[in-house]
Structure formats: structure tokens, C-alpha cells
Amino acid sequence: MEHMLEKDVERVLFSEEELRQRVAEIAAEIDRDYAGKEPLLVSVLRGSFVFMADLVRQIHLPCTVDFMAVSSYGSGTTSSGQVKIVKDLSEQIEGKDVLVVEDILDSGNTLSYLLQLLQARRPASVRLCTLLDKPSRRTKPVDLHYAGFSIPDYFVVGYGLDYDEKYRNLPYIGVLKPSVYGGE
Ligand code: PRP
């Protein structure tokens, strides 16, 4: 059966195959950089769940996983500076090598807050890995170690990314038709 969401997608930005390849490359970098260590991968819900699931299966080092959920106050498509922890980590991170896994880095508000918060818990190290990066949208500087793809300010959905909580189950990343979100 065809995906019922396809009709809302203007074009495919990254196909399943492109995503698979890039995720494997990032995992190989992580394997190299963390050799001899046992990183803790922290997935920031909800958008990163698909990327996280694919990434951990390509990492060959021993690693552990944990999950956090945050929400940023603000309306529409822009996040404000304030971030609320909706679900905190289940484990202590003191002395651990933490790798935060995100689907998209946009203004930097969420991640600059989150990285500071994690740093205060005295881990051995904290790094950020994001599948997508929109550098043109950045208002807060964020130290980014692993980025899958740098993209212009497109409205992207799929592979975990939503619009109005939908489209997360599309297996590729697509550009949403402006008519869907009330654009031109
Ligand atoms: C996205 C993404 C980051 C944040 C990035 O989450 O997963 O957490 O926005 O934006 P910023 O750089 O402007 O802070 P979103 O708020 O869409 O929630 P979701 O993961 O539940 O879809």
C-alpha cells in the first residue's frame, strides 16, 4: 500500500538509501572517535527516535541508551528560549561519555539549554549528533560534533520529523507542500 501521506510531500529531500548511507558514515565516525570507550547515547524525544534506532544499530562499540523529552515554550514553528524537561534521563551521567542524538538543529535554543544542563551533571564528555542542521536559523551558538546533512530552511518531515505530530512514519525526509501548513 502506498503511504497515504505522500500526497502532502512536494519532493523527497533524502531517500531511504541516502539516509542509510549517511547514518552508516556517522556511526563509523563515532566508532572511531569513541574507540575504547562506552558512550551513552541520549535520544531527545520525540523527533530523534527513528534516527536513534538506525544509528545505534550501525554502531559497533558497546554503548548504552537513554531518553529525554523536552518541550520548548513558544508557538508555531519557532522555539523560544525556555525549555522544559518533560522526561528526564533514567540514569546518572556523571563520568560518562554522553552523545546527544537529535533529529534537527534549528535556532539552537533547545540544544544550548540541554547541553548546559547535561554538562552541569559532570559527565566525562558531552557531544552532539544531529541528523539535520539548519545553520541559517541559528540564534544561539551550539557546539556540533556530528551532522548528517546541512539544509536550507525547508519545511521537512518524515524519518521522525513531524508537522502537527504527523508524517513521522514516512521512511524518507521530504519537503512538505506549503498548502499543508497554510503557506503559499
Ligand atoms: C525539534 C528538534 C529539537 C528542536 C530544535 O523538536 O528535535 O529538539 O526542535 O529546534 P531549536 O534548535 O530551534 O531549539 P520539536 O520541538 O519539533 O519536538 P519533537 O522532537 O517532539 O518533534
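Predicted model: local features only at pLDDT ≥ 70, side-chain atom pairs only at ≥ 80, totals over all residues.
**Exercise 1. How many bridges join strand S2 (residues 40-45) to S5, and do the two strands run parallel or antiparallel?**

Residues are numbered from 1 along each chain as its sequence is written, and side-chain values use heavy atoms, with hydrogens and water left out.

*Solution.* Begin with the terms: strands (E, at least two residues) and helices (H or I, at least four) are DSSP runs numbered from the N terminus, and two strands pair if DSSP finds at least two bridges between them. Four bridges join S2 to S5, and these strands run parallel; within this pairing, Leu41 stands opposite Leu99 in S5.

**Exercise 2. Work out the surroundings of strand S5, residues 97-105.**

*Solution.* First, take the partner S6 (residues 125-133), which runs parallel to S5 and is joined to it by eight bridges, with Val101 standing opposite Cys129 in S6. Next, follow the chain: S5, helix H3 (residues 109-119) and S6 make a right-handed β-α-β unit, where right-handed means that, with the strands pointing away from the viewer, the path from the first strand over the helix to the second runs clockwise. Finally, nine of the nine residues of S5 are buried, so the strand is largely enclosed by the rest of the structure; buried means under 20% relative accessible area, with exposed over 50% and partly exposed in between (1.4 Å probe, protein chains only).

**Exercise 3. Characterise the ring pair formed by Phe14 and Phe149.**

*Solution.* Rings of Phe, Tyr and Trp (its six-membered ring) pair if their centres lie within 6.5 Å, and planes under 30 degrees apart count as stacked, over 60 as edge-to-face and the rest as tilted. The structure holds four aromatic pairs; one of them, Phe14 with Phe149, is stacked, at 3.8 Å centre to centre and 15° between the planes. This pair links distant parts of the chain, since Phe14 lies in strand S1 and Phe149 in strand S7 (residues 146-150), 135 residues apart. Both Phe14 and Phe149 are buried.
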